[in-house]
Amino acid sequence: TIGDNDAYDALMGHLQHVPYLVIDDLGMERETAWGLERIELVLVHREQRRLRTLITSNLTEMPTPRLQSRVLDRTLCLLADCAAALDVRPRL
């Protein structure tokens with residue numbers, strides 16, 4: 001519906017233009033071609049405008065070759081291995 005499209009456009013615009021964006025646990029979402037394409041669109045848009053994006057993931061490879069190439073591009077990304085980091089989440 002039109003209302004849903006307006007809300008979606010507003011959300012995408014927000015994600016593309018906020019000064020700092022944090023994407024937590026990339027790769028843990030329900031993986032669909034449409035969803036991965038949306039993530040790529042946001043990242044490309046932010047890269048072109050040199051906006052900062054922090055991505056956390058426990059994956060050794062990104063879900064698509066295109067995302068993988070962006071994450072491994074040292075001119076775009078700084079990778080930090082935090083495998084020894086302490087898990088501070090409360091135990092349920």
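Author: In this predicted model, E40 and R66 form a salt bridge.

Reader: Why is the pair of E40 and R66 called a salt bridge?

Author: The closest N and O atoms of E40 and R66 are 3.5 Å apart. The criterion asks for a side-chain nitrogen of Lys or Arg within 4 Å of a carboxyl oxygen of Asp or Glu, and therefore the pair qualifies.

Reader: How do you know whether E40 is buried or exposed?

Author: The relative accessible area of E40 is 11%. Buried means under 20%, so E40 is buried.

Reader: How many salt bridges does the structure hold?

Author: The structure holds two salt bridges. One of them joins E37 to R38, with the closest N and O atoms 3.6 Å apart; the limit is 4 Å, so this pair also meets the definition.

Reader: What makes R38 count as buried or exposed?

Author: R38 has 16% relative accessibility, and because the limit for buried is under 20%, R38 counts as buried. E37, with a relative accessible area of 41%, is partly exposed.

Reader: How many aromatic pairs does a search of the whole structure find?

Author: The search finds one aromatic pair. The pair consists of Y8 and W34, and it is tilted.

Reader: Why is the pair of Y8 and W34 called tilted?

Author: The ring centres are 5.9 Å apart, and the cut-off for a pair is 6.5 Å. The angle between the planes is 40 degrees; stacked requires under 30 degrees and edge-to-face over 60, so the pair is tilted. Y8 in helix α1, residues 2-17, and W34 in helix α2 are 26 residues apart, and the pair links these distant parts of the chain.

Reader: What makes W34 buried or exposed?

Author: W34 has a relative accessible area of 53%. Exposed means over 50%, so W34 is exposed. Y8, at 28% relative accessibility, is partly exposed.

Reader: Which residues of α3 are buried, and how do you know where they lie on the helix?

Author: The buried residues of α3 are L67, Q68 and V71. Seen down the axis of α3, they fall within an arc of 100 degrees, so they line one face of the helix. What covers them includes α2.

Conventions: Residues numbered from 1 in each chain as written. Predicted model: local features only at pLDDT ≥ 70, side-chain atom pairs only at ≥ 80, totals over all residues. Heavy atoms only, no water. Buried < 20%, exposed > 50% of the residue type's maximum accessible area, 1.4 Å probe, protein only. Phe/Tyr/Trp six-rings, centres within 6.5 Å; stacked < 30°, edge-to-face > 60°. Helix = DSSP H or I, 4+ residues; strand = E, 2+ residues; numbered from the N terminus. Arc of directions from axis to C-beta. Contact = heavy atoms within 4.5 Å.
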